[in-house]
Amino acid sequence: PEITTWIRANEKDFELVKQAGVKETGILVSCSDYHIFKKMHLTRKQAMDKYLGIVKAALDRGIRPRCHFEDITRADFYGFVLPFAEELMYLSEESALPRSVPGIIYGLHHYARVPSEQLEWHGHNDFYKVVSNAGTAWMYGCSSVNCSLLGIGERTGNCPLEAMAIEYASLRGTLDGMDLTAVTEIAEYMEREIGIEISPR
């Protein structure tokens, strides 16, 4: 369980959130014309700017904002709700990168427009996902993956070249000229010349 707060979208309420030291707050964002015009005496643009201002202030302070779209059933869905939600998603994309290889590669490729041939993935096996992360990087637009023989490398190792050869074949449906029988020779070489003990498994 985590204690959070729930505030109106105004500076006075947000000041209380900062004083409370919470990591997350709900923010009441009234959406209907009744609330915007009659209750708050604002235009739609003024209301949206006011709401986005508080959301940005929360993000700047490292506080997760949750927006409560009040009176959404009486709101102009296409005229206010969707444009406002779209602005929130832009802020989300700017401020909260997902902890995922797809999010990183997709963002670099589609938002920053980095060409695939300039994207290269270098992963370690710290969380036992080095092969799946490298394969995912390929699938989301990364052209190159750094590998090492048998996955030797810093900490828990780099991405194994032989594993990615098989991953490539399974994704593309072709070996593209690779000779996978070389994997046995690689293992024997690494054991004989480098002194790496190959696990019987």
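Thr-5 has Thr-25 in strand 2 as its bridge partner. Strands here are DSSP runs (E, at least two residues) and helices are DSSP runs (H or I, at least four residues), numbered from the N terminus. The model is predicted, so local features need pLDDT of at least 70 and side-chain atom pairs count only at pLDDT 80 or more, while totals for chains, interfaces and linings use all residues. Residues are numbered from 1 along each chain as its sequence is written, and side-chain values use heavy atoms, without hydrogens and water.

Three strands make up an open sheet in the order 1-2-3, with parallel pairing. Its edges are strand 1 (5–8) and strand 3 (64–70), each of which pairs on one side only. Direction ignored, neighbouring strands of this sheet are turned by 30° against each other on average. Two strands count as paired if DSSP finds at least two bridges between them. Strand 1 and strand 2 (residues 24–30) have four bridges in the parallel sense, and Ile-7 stands opposite Ile-27 in strand 2. Strand 2 and strand 3 are also parallel, over seven bridges; there Gly-26 stands opposite Arg-66 in strand 3.

Strand 1, helix 1 (residues 11–20) and strand 2 form a right-handed β-α-β unit. Right-handed means that, with the strands pointing away from the viewer, the path from the first strand over the helix to the second runs clockwise.

Seven of the seven residues of strand 2 are buried, that is, under 20% relative accessible area, with exposed being over 50% and partly exposed in between (1.4 Å probe, protein chains only). In a regular strand the side chains alternate between the two faces of the sheet. In strand 2, Glu-24, Gly-26, Leu-28 and Ser-30 point one way and Thr-25, Ile-27 and Val-29 the other way, all of them buried.

His-35 lies in helix 2 (residues 33–39). Apart from neighbours within four places in sequence, His-35 is in contact (heavy atoms within 4.5 Å) with Ser-30, Met-40, Glu-70, Asp-71 and Arg-74. Asp-71 belongs to the loop between strand 3 and helix 4, and its phi is positive, near 60°, although the residue is not glycine. Arg-113, in the loop between helix 5 (101–111) and strand 4 (120–121), also has a positive phi, of about 60°, without being a glycine. Most residues other than glycine have a negative phi. The accessibilities of these residues are as follows.

| Residue | Relative accessibility | Class |
|---|---|---|
| His-35 | 8% | buried |
| Asp-71 | 17% | buried |
| Arg-113 | 67% | exposed |

**Helix 7**

The 12 residues of helix 7 (residues 161–172) should span 16 Å at 1.5 Å a residue, and the end C-alpha atoms are 16 Å apart, which agrees. The expected span is 1.5 Å times one less than the number of residues. Glu-162, Met-164, Ala-165 and Ala-169 are buried in helix 7. Seen down the axis, the buried residues fall within an arc of 165°, so they line one face of the helix; the arc is that of the directions from the helix axis to the C-beta atoms. These buried residues pack against helix 6 (130–139), strand 5 (144–145) and helix 8 (182–194). After helix 7 comes Gly-173, with a positive phi near 75°.

Conventions
Axes fitted to C-alpha atoms, helices over the stretch in contact; angles between N-to-C directions.
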